[in-house]
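Hi there,

Here is the structure I promised to pass on to you. Please have it open while you read; my notes on what turned up follow below.

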Amino acid sequence: MTTNHYDVVIVGGGLAGLSSAAYLSSKGKKVAVLERGQLGGRAVTLKIKGFNFNFGAHAIYARDSSVLRTFEKELGLNIDWQDFNPTKAKYDIGSDLTAVPANVQGLFQTKLLKGMDKVLFTFEILKTMLKMEKGHPHMSIQKWMEKKQVNEEVREMMLTLASSNFFTREPEKIPSDVFFSYYSRLFTTNKPVAYIGGGWQALINEFVRVIEANQGTILIKTKVEKFHVENDRVVGVVTPEGEFTADEFICCIPPKEMAKVFAETRLEHAVAQHAEYEPTVVMVYDIGLKERIDVPFSYIYEKANNIFITDISYYDRTCVPEGGQLLQATAYMRQDEVGNKEAAEIRKQEIENLYDKHFPGWREQLVVPRVSARAVVQEIKWTMNQKPMPIFMPDYRNLFFAGDWCEGQGQLSELSFSSAMNVAKLILEKE
């Protein structure tokens, strides 16, 4: 066994692991990133027949206040931002299309609300922006709206928005404090949604560039078998290649993987609880087309079935061969649909029906489809009986946690970035 000592060892090379490593190495820390597979975790880009398919949309929400913007500025990341165009976003309400209320203009154009309901919904948004409404940690958004006697149409609009942003078919289960915390930020942003030119791979490459420029070490296909602990400290991580020791450790692997590496430690039972939590799961059905099918929108959301289609190539021309088009359909899943083959087949057919309706002729233009019947978009699903993992626990004070299952700001990738930044700052403040 060989021993390698670092200031910080980071287990897991996803967005949280890479961003924390880049930040700490830029501050002079000697870091090592250990990844059992390939870099990126679930944020990967696959090149198939000239098309770049991302696992999940490479979208950043509220980008002007995103922690990724802080990383971009402080680390000098080169990010090709492609901002979402709200005028190109539509709701499919059956026999008609209507504007998505992503901004004030969309709110007053949408047919989802009428007359006084628009005023009431606008008032709810205003209260959320001003943080007059904060919800309650022991009350779901459904229960909160019932208690507040929110108008039925306004209630439905709030749940529709929640479905879209939390990637869930069960928005009523979201804790009300989580709901209002998220929307108080999203409603005040100037850039509600943005894509990254080049997809996740472009961002991963930038983090790697910064880490290597600051003499950081990145080891792929390096599986951590267990954490080596002595008394109240972690002293190393054991791999088939040897033990890596450090002063500080950041664990950026999902709780289900953590349960194995923390067996027979003080954290065994705490981690086991989080390992049992349900992730947010969707079906993703991407299609690469040889020629564009021009339509007057880049985003369409079918309200009845909780399915949306994004024209990824409208924002990122690098993801397709010349003249091609890449469409990504995402169908939200109820928990009882996850792992159910019959339910998955029904959802797949519903997606194809939506493609038929809004992108006629796509079957004749199809070059390559990519279907993921059980795609995890976030390792924690927001329900009343699940809560995020703390970024540190009292058992081992030199051990930290980061990822989209941890406490932080926002949802999805923003949780990875914000928890990574918070952990990195805690480590730096120890000096």
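Glu264 sits in the loop that links helix 9 (255-261) to helix 10 (268-275). Helices here are DSSP runs of H or I with at least four residues, strands are runs of E with at least two, and both are numbered from the N terminus. Before going further, please note that this is a predicted model: local features need pLDDT of at least 70, side-chain atom pairs count only at pLDDT 80 or more, and totals for chains, interfaces and linings use all residues. Residues are numbered from 1 along each chain as its sequence is written, and side-chain values use heavy atoms, with hydrogens and water left out.

Although Glu264 is not a glycine, its phi is positive, at about 65°. Ala62, also not a glycine, has a positive phi of about 55°, and its place is the loop between strand 5 (59-61) and helix 2 (67-75). Are these residues buried or exposed? Glu264 is exposed, with a relative accessible area of 76%, whereas Ala62 counts as buried because its relative accessibility is 0%. The cut-offs are under 20% relative accessible area for buried and over 50% for exposed, with partly exposed in between (1.4 Å probe, protein chains only).

**A covered strand and its partners**

How many residues of strand 17 (residues 325-332) are buried? Eight of its eight are. In a regular strand, side chains alternate between the two faces of the sheet. In strand 17 both faces are covered: Gln325, Leu327, Ala329 and Ala331 are buried on one side, and Leu326, Gln328, Thr330 and Tyr332 on the other.

Strand 17 pairs antiparallel with strand 14 (residues 280-289) over eight bridges, where pairing requires that DSSP finds at least two bridges between two strands. Within that pair, Tyr285 has Ala329 as its bridge partner. Strand 16 (residues 307-311) also runs antiparallel to strand 17, joined by five bridges, and there Thr310 stands opposite Gln328.

Another sheet is open and has three strands in the order 5-9-6, with antiparallel pairing. Its edge strands are strand 5 and strand 6 (81-83), each pairing on one side only. From one strand to the next, the twist averages 35°. Strand 6 and strand 9 (residues 193-196) share three bridges in the antiparallel sense, with Asp83 opposite Ala194.

**Two crossing helices**

The axes of helix 6 (residues 152-166) and helix 7 (residues 176-186) come within 12 Å and cross at roughly 80°. Axes are lines fitted to C-alpha atoms, for helices over the stretch in contact, and angles run from 0 to 180 degrees between N-to-C directions. The two helices are therefore roughly perpendicular, a label used for 65 to 115 degrees (under 35 is roughly parallel, over 145 roughly antiparallel and the rest oblique).

On the helix 6 side, Met158, Leu161, Ala162, Asn165 and Phe166 meet Val178, Phe179, Phe180, Tyr182, Tyr183 and Leu186 of helix 7. Contact means heavy atoms within 4.5 Å. The residues involved divide into ten nonpolar, one polar and no charged.

**Domains**

The domain assignment gives domain 1 (3-77 + 196-275 + 380-428), domain 2 (114-189) and domain 3 (279-376). The C-alpha centres of domain 1 and domain 3 lie 29 Å apart, and 18 residues of domain 1 are in contact with 22 residues of domain 3.

Best wishes

Note on methods. Nonpolar A, V, L, I, M, F, W, Y, C, P; charged D, E, K, R; others polar. Domains from an automatic or database assignment.
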